[in-house]
Amino acid sequence: MPRSSSPRAWWAQRPPAAGAAVLATGILSVGLQLSGYEVLSRIALVLACAAWLALAADFALQLLWEREKWVRRAGTPAALTSVAATTVLGTRFSALGRHTLAEALLALSVVLWPVLLVDVVRHWRRRMPGTVFLGCVATQGLAVLGATLAGALSTAWLARAAMVLFWLGIVLYGFALAYFDLRQTVEGAGDQWVAGGALAISALAGAKLISAQSASLYLWNDDNLGVLRTVTVALLVLALCWYAVLLVAELLRPRPRLRYDVRRWSTAFPTGVTAAATLSVASAVGVPWLKGLGEVLLWVAVAVWLAVAAAAVRAALVAVRADVTSTAPR
């Protein structure tokens with residue numbers, strides 16, 4: 001067997017949860033941009049786009065040539081990372097002024113979202129891991145991108161559609177919480193952090209909806225805006241509480257540090273989106289001290305991302321080398 005087949009063999013074994021790597025990298029780019037670290041943000045964006053393109057090609061090839069495998073994977077909660085990652089990239093491109101590209105990514109996400117969400121919800125069962133919250137994450141990702149484009153393009157209907165998705169995402173979080181196995185808080189392999197990350201991206205969506213209103217785009221009356229502000233701040237507080245609980249659980253019951261687990265990308269994403277949400281809420285509701293907290297959380301997210309990325313690269317190299325060795329002619 002030629003050596004070139006080894007990377008392909010390794011890639012073929014990639015689980016659906018690998019989409020969380022794109023999601024984590026994309027939200028890190030958003031957080032860095034919010035803090036003014038434009039160069040680092042663009043580097044993260046390039047990495048996220050490269051990974052997104054690879055995963056999109058894999059998604060399309062499976063749909064065309066391996067339909068049974070595609071259907072099997074589409075029913076897993078991790079499949080929704082494709083929607084969430086696409087919306088996060090769209091949000092970052094909108095911040096760069098690439099609104100047409102952001103609109104295209106929104107349209108793609110809108111097409112994928114109901115198909116995957118319905119299939120995933122049908123497979124929900126009791127005592128699920130943290131990936132059960134990805135239905136909320138994907139829905140709020142649509143709300144974030146919709147609200148971002150609405151503010152940039154002064155499009156009222158898009159903001160109102162994003163508001164509907166915002167409330168739907170909160171409802172989905174409530175249902176997901178009923179199916180979540182709380183023991184995962186101390187036993188999970190990394191994806192338990194999505195329980196907090198889903199609340200954080202909900203707070204980010206709320207902040208984007210608040211910020212969408214401007215002198216040229218009247219969206220919410222004072223009562224509605226007051227409710228939106230209150231709910232957004234409450235969501236951020238709950239997300240920070242989850243962050244603290246999960247961090248303490250990690251310290252009290254350490255998981256294996258040396259062995260890479262793809263579910264650790266589902267730790268990197270919540271740390272990144274909590275930082276981005278804190279920075280966005282600080283600006284949207286006018287609470288300056290939250291920006292300092294957001295900056296601290298951002299660098300924690302960078303450290304987590306680097307640790308997971310280093311472990312992923314190391315694991316990939318070991319897997320490829322082992323495959324090359326096992327297939328080398330004797």
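These legends describe close-up views of a predicted model.

**Figure 1. Overall make-up of the chain, with 13 helices and zero strands.** The elements run α-α-α-α-α-α-α-α-α-α-α-α-α from the N terminus on. The chain has 330 residues, and 53% of them are buried. Take the contacts with a separation of 6 or more: residues 24 or more positions apart account for 83% of these.

**Figure 2. The largest nonpolar core, a set of 102 residues.** Leu89, Phe133, Val137, Phe166 and Trp265 touch the most other members of this core. Helix α10, residues 194-212, supplies the largest share, 13 residues.

**Figure 3. Surroundings of phenylalanine 133, a residue of the largest nonpolar core.** Residues up to four places away in sequence are not counted here.

**Figure 4. Helix α8 against helix α10.** Helix α8 spans residues 156-179. The axes of α8 and α10 come within 10 Å and cross at roughly 160 degrees. Angles over 145 degrees count as roughly antiparallel, so α8 and α10 are roughly antiparallel to each other. Their crossing is left-handed. On the α8 side, the contact is made by Ala159, Ala162, Met163, Phe166 and Tyr173. On the α10 side, Ala195, Ala198, Leu199, Ser202, Ala205, Gly206 and Leu209 take part. By class, the contact residues comprise 10 nonpolar, two polar and no charged. One of the α8 residues in this contact, Phe166, is also listed among the core residues that touch the most other members.

**Figure 5. Serine 109 in helix α6.** Helix α6 covers residues 99-122. Buried means under 20% relative accessible area. Serine 109 has 0% relative accessibility, so it counts as buried. Leave aside its neighbours within four places in sequence. Serine 109 is then in contact with Val83, Thr86, Thr87 and Leu142.

**Figure 6. Leucine 105, also in helix α6.** Leucine 105 is buried, with a relative accessible area of 9%. Its contacts include Trp52, Thr86 and Leu89, not counting residues up to four places away in sequence. Gly90, Phe93 and Leu145 are touched as well. Leucine 142 lies 37 residues from leucine 105 along the chain. The C-alpha atoms of this pair are separated by 10.0 Å.

**Figure 7. Alanine 316 in helix α13.** Helix α13 runs over residues 289-327. Alanine 316 is buried, at a relative accessible area of 15%. Its C-alpha atom is 9.5 Å from that of tyrosine 260. Along the chain, alanine 316 and tyrosine 260 are 56 residues apart.

**Figure 8. Positive phi at arginine 127.** Arginine 127 sits in the loop between α6 and α7, the latter being residues 134-153. Its phi is positive, about 55 degrees, although the residue is not a glycine. Exposed means over 50% relative accessible area. At 61% relative accessibility, arginine 127 therefore counts as exposed.

**Figure 9. Positive phi at serine 154.** Serine 154 is placed in the loop between α7 and α8. This residue is not a glycine, yet its phi is positive at about 55 degrees. Serine 154 counts as partly exposed, with 37% relative accessibility.

Key. Residues numbered from 1 in each chain as written. Predicted model: local features only at pLDDT ≥ 70, side-chain atom pairs only at ≥ 80, totals over all residues. Heavy atoms only, no water. Core = buried A, V, L, I, M, F, W, Y, C linked by side-chain atoms within 4.5 Å. Buried < 20%, exposed > 50% of the residue type's maximum accessible area, 1.4 Å probe, protein only. Helix = DSSP H or I, 4+ residues; strand = E, 2+ residues; numbered from the N terminus. Contact = heavy atoms within 4.5 Å. Axes fitted to C-alpha atoms, helices over the stretch in contact; angles between N-to-C directions. Parallel < 35°, antiparallel > 145°, perpendicular 65-115°, else oblique. Left-handed = near helix turned anticlockwise from the far one by under 90°. Nonpolar A, V, L, I, M, F, W, Y, C, P; charged D, E, K, R; others polar.
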